Amino acid sequence: RVMRALEALLEASTSRSESDAARGRMQVLISDSPGTMADASHALGLAAKGEPGAVDTKVLTMMAQLLENQGEAFSLLSSLLRAQCGAGQNVTPKALELSEVLQSHGARQLLTPEVFEASLQRGFWSLPADHSGMHMREREAERLLERARRELWAEGSASRRELELQIRHFLVWHALGQAATDACLRFSFVRPSSASGSQEILAQHRFSRLQGSSGLWWRLDLAPLQLSGA
């Protein structure tokens, strides 16, 4: 499934019929210069010049294997998918409605650092990173909206404080989901030189040896997520 998704991104990035945004979803840089997947395969020594066959998929296959294996890349992808459950198509309208509920009752600064931290400590990491997680977020939003309609909103009441906190946590999950939907991942692959200490330098910069390859090292970076206020 991951390989099919990467192939779709590659196809969209090279199709002239796609929008500029779609074409920019997958980019290949070789020493910071634009290139193609075939160029990357040649630069990494995965394919010889003029080699027939699916040269474009060699680097994609490595990326898919890393994302599917139980390692750092897999954990990061799972976390992003889990976050995206909070911003599904049916969740966003409900999140906006919940935000309006709080603001209509005088709430300000909906997403504070304290609320953000607390929302990650409970109810986030236990969510399944798949469609079932998205449906759970939808049901949670419906439950909060129903409770908000029944709440008396008495000033200072424990019930009101608890409901407001739960809604704030949900709005954090939604903001995280929106940011995760636009997440930018960067795979870096390099073949170390024969110079003494080159592998140690790579390790210091968070590179890891790629298992099953002939001398390749890799690193995965997540660009800072852009959180917007709910």
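## Helix H4 and the sheet it packs on

In helix H4, Val59, Leu60, Met62, Met63, Ala64, Leu66 and Leu67 are buried (under 20% relative accessible area, with a 1.4 Å probe and protein chains only). These buried residues pack against helix H1 (2-14), helix H3 (37-43), H5, E3 and E5. Helices (H or I, at least four residues) and strands (E, at least two) are DSSP runs, numbered from the N terminus.

This is a predicted model: local features need pLDDT of at least 70, side-chain atom pairs count only at pLDDT 80 or more, and totals for chains, interfaces and linings use all residues. Residues are numbered from 1 along each chain as its sequence is written, and side-chain values use heavy atoms, without hydrogens and water.

The protein averages a pLDDT of 89 (the predictor's confidence in each residue, from 0 to 100). Helix H2 (residues 20-23) has the lowest confidence, a mean of 58. Where pLDDT is low, the predicted coordinates should not be read in detail.

Now the sheet. Three strands form an open sheet in the order E3-E5-E4, with antiparallel pairing. Strands pair if DSSP finds at least two bridges between them. The edge strands, E3 (185-190) and E4 (208-209), each pair on one side only. Six bridges join E3 to E5 (residues 217-222). Leucine 185 has leucine 222 in E5 as its bridge partner.

Two helices pack on the sheet, touching E3 and E5. Contact means heavy atoms within 4.5 Å. Angles run from 0 to 180 degrees between N-to-C directions, with axes fitted to C-alpha atoms, for helices over the stretch in contact.

| H4 (residues 57-68) | about 115° with E3 |

Technical notes: Buried < 20%, exposed > 50% of the residue type's maximum accessible area, 1.4 Å probe, protein only.
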